[in-house]
Amino acid sequence: DATQGTSSDCKPCPCPAGATCAVVPKVREVVCTNCPAGTTGKRCELCDDGFFGDPLGQNGPVRTCRACKCSDNIDPNAVGNCNRETGECLKYKCKACSCSRLGTVDRQTSCSQVTGQCQCLPNVAERDCSACQPGFFNLQSGNGCERCSCHPIGSTN
Amino acid sequence: PRPDVDFLPPGTHLLFAQSGRIEHVPLEGHDMKKAGARTVLHLPEKVIIGVAYDCVEKMIYWTEITSPSISKASTQGGEPTAVIDSDLNSPEGIAIDHLGRTMFWTDSVKDNIEVASLDGSQRRVIIDSDLVNPRAIITDPPNGNLYWADWNRDAPKIETSHMDGSNRRVLVKDDLGLPNGLTYDSQSSLLCWADAGTHKVECMSPSRGDRSKVVEGIQYPFGMTSLGKNIYYTDWRRDAVVAVDRYSGKESDEFQPQKRTKLYGIATAYAVCPSGQNYCAVN
């Protein structure tokens with residue numbers, strides 16, 4: 001309040017360099033009105049929609065705002081794709097699990113909602129449990145893959 | 001200037017959302033008076049998506065996704081008030097029937113369309129099937145019609161129904177990409193959309209079904225509104241409001257706010273309500 005005539009009337013904005021601020025009437029709260037690119041919030045402490053981080057380091061070290069990644073499982077045309085601080089994905093672009101039933105535990109067809117990984121039997125590989133790990137064979141058994149047991153002298157590797 | 005709520009001066013304006021604020025640009029005829037642009041509402045912790053204007057009570061309505069809710073505030077000053085704050089997940093588009101005193105909104109996670117009175121009461125789901133990514137929604141109050149777009153990448157479409165959800169029909173499904181924005185001009189009876197996939201603005205007459213291109217080669221439209229000969233859309237690449245003359249197909253102006261970040265929904269705040277009445281208004 002510059003009308004009182006004391007030396008402490010005007011204070012610098014509690015905002016990152018260059019940002020302007022204003023006082024909200026009634027509640028007398030100071031709010032930054034022109035946060036640096038990519039940031040928002042009362043003190044420019046939040047990332048814009050579609051980005052995540054902790055630009056002021058309020059909950060630990062400073063993490064500049066980065067685009068939501070979500071294992072490339074989000075659609076850039078969507079809004080609210082991830083939590084603005086943690087980056088936790090909020091909107092998966094869902095695809096069918098398509099688990100290979102011969103390779104999954106109890107022939108399950110469901111998978112992790114985050115990674116899409118199906119629950120594989122022993123020595124079975126791939127996201128959809130569709131192949132044996134190297135050195136193993138017989139996915140068709142339905143009990144996982146068996147060791148090849150090739151003789152080291154007679155095989156090429 | 002007061003940072004949270006500002007008065008909207010008399011006249012017609014564009015209202016648009018940019019991150020945690022709703023800005024206005026005065027219109028003089030169809031021209032944007034860019035020097036008069038101001039923040040109407042500053043909600044720094046929110047992400048505002050959809051914006052609508054009630055010309056009767058001169059209130060702004062908006063959808064917000066960080067604490068999913070629908071709120072309103074008077075353009076004559078006044079505190080923002082939540083109207084709906086439960087059982088929402090990702091509310092996006094919002095439209096008002098100023099004659100029937102109702103609002104409609106899309107939810108892109110619940111994949112439905114709901115209606116409620118402007119005070120939030122009498123809430124009801126009117127469409128809850130065959131929606132994947134519903135976003136834009138608009139009303140045609142005199143005729144009692146609703147229009148919405150679904151940007152489902154596998155099968156984008158633009159649909160219509162009566163305001164109670166009955167008589168649902170697909171209007172457009174061919175040669176669409178990401179139809180993010182929709183607007184309806186009651187004088188010409190044309191429904192127009194802005195597509196971030198085909199990079200075009202196109203229009204059609206819902207009754208005749210004929211379709212025409214207004215402009216192509218646009219960048220990344222999100223929200224859309226119109227006034228007379230002009231169409232206005234927000235653009236995610238340009239961080240700007242773009243004005244296009246619908247008859248010449250030429251871009252006539254651009255407004256780029258000082259803050260560079262994505263612009264979302266846009267609405268026209270009429271100085272005076274468009275004339276007309278409908279069934280719901282008299283029953």
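How many bridges join strand 17 of chain B to strand 18 of chain B? In this predicted model, strand 17 and strand 18 (residues 190-195) of chain B are joined by six bridges and run antiparallel. Within this pair, B:Pro179 is placed opposite B:Asp195 of strand 18 of chain B. Both strands belong to an open sheet of four strands in chain B, ordered 17-18-19-20 and paired in the antiparallel sense. The edges of the sheet are formed by strand 17 (179-185) and strand 20 (211-216) of chain B; each has a single partner strand, so one side of each is left without a neighbour in the sheet. On average, neighbouring strands of this sheet are turned by 20 degrees against each other, direction ignored.

A further open sheet of chain B comprises four strands in the order 21-22-23-24, again with antiparallel pairing. Its edge strands, strand 21 (221-227) and strand 24 (251-255) of chain B, each pair on one side only. From one strand to the next, the twist averages 20 degrees. Strand 22 (residues 230-235) and strand 23 (residues 240-245) of chain B are paired antiparallel through six bridges. In this pairing, B:Asp235 has B:Ala240 of strand 23 of chain B as its bridge partner.

The largest nonpolar core contains 28 residues, and those with the most contacts inside it are B:Leu15, B:Ile22, B:Val51, B:Ile60 and B:Trp62. At least two residues of this core are supplied by each of strand 1 (12-18), strand 4 (38-42), strand 5 (48-54), strand 6 (59-64) and strand 25 (263-269) of chain B. The most is given by strand 5 of chain B, which contributes four residues. With residues up to four places away in sequence not counted, B:Ile60 touches B:Leu15, B:Ile22, B:Val40, B:Val51, B:Ala52, B:Tyr53, B:Ser71, B:Lys72, B:Ala73 and B:Thr75.

For chain A, the domain assignment gives domain 1 (1-94) and domain 2 (101-147). The C-alpha centres of domain 1 and domain 2 of chain A lie 44 Å apart.

Side chains of opposite charge can pair when their charged atoms come close. Over all chains, the structure holds 24 salt bridges. One of them is formed between the side chains of A:Lys42 and A:Glu29, at 3.2 Å from N to O. This pair links distant parts of the chain, 13 residues apart: A:Lys42 lies in the loop between strand 3 (39-40) and strand 4 (46-47) of chain A, and A:Glu29 in strand 2 (residues 29-32) of chain A. A:Lys42 is partly exposed, at a relative accessible area of 24%, and A:Glu29 is likewise partly exposed, at 29% relative accessibility.

In chain B, B:Glu28 and B:Lys33 form a salt bridge in which the closest N and O atoms are 3.8 Å apart. B:Glu28 counts as exposed at 52% relative accessibility, whereas B:Lys33 is partly exposed, with a relative accessible area of 39%. Another salt bridge joins B:Arg238 to B:Glu254, with the closest N and O atoms 3.2 Å apart. B:Arg238 is located in the loop between strand 22 and strand 23 of chain B and B:Glu254 in strand 24 of chain B, so the pair ties together parts that are 16 residues apart in sequence. B:Arg238 counts as buried because its relative accessibility is 16%, under the 20% cut-off; B:Glu254 is partly exposed, at a relative accessible area of 28%. Elsewhere in chain B, salt bridges that share partners join B:Asp87, B:Lys110, B:Glu114 and B:Arg123 into one network.

How values were computed. Residues numbered from 1 in each chain as written. Chains lettered and ligands numbered in written order. Predicted model: local features only at pLDDT ≥ 70, side-chain atom pairs only at ≥ 80, totals over all residues. Heavy atoms only, no water. Pairing = 2+ DSSP bridges. Axes fitted to C-alpha atoms, helices over the stretch in contact; angles between N-to-C directions. Domains from an automatic or database assignment. Core = buried A, V, L, I, M, F, W, Y, C linked by side-chain atoms within 4.5 Å. Buried < 20%, exposed > 50% of the residue type's maximum accessible area, 1.4 Å probe, protein only. Contact = heavy atoms within 4.5 Å. Salt bridge = Lys/Arg side-chain N within 4 Å of Asp/Glu carboxyl O.
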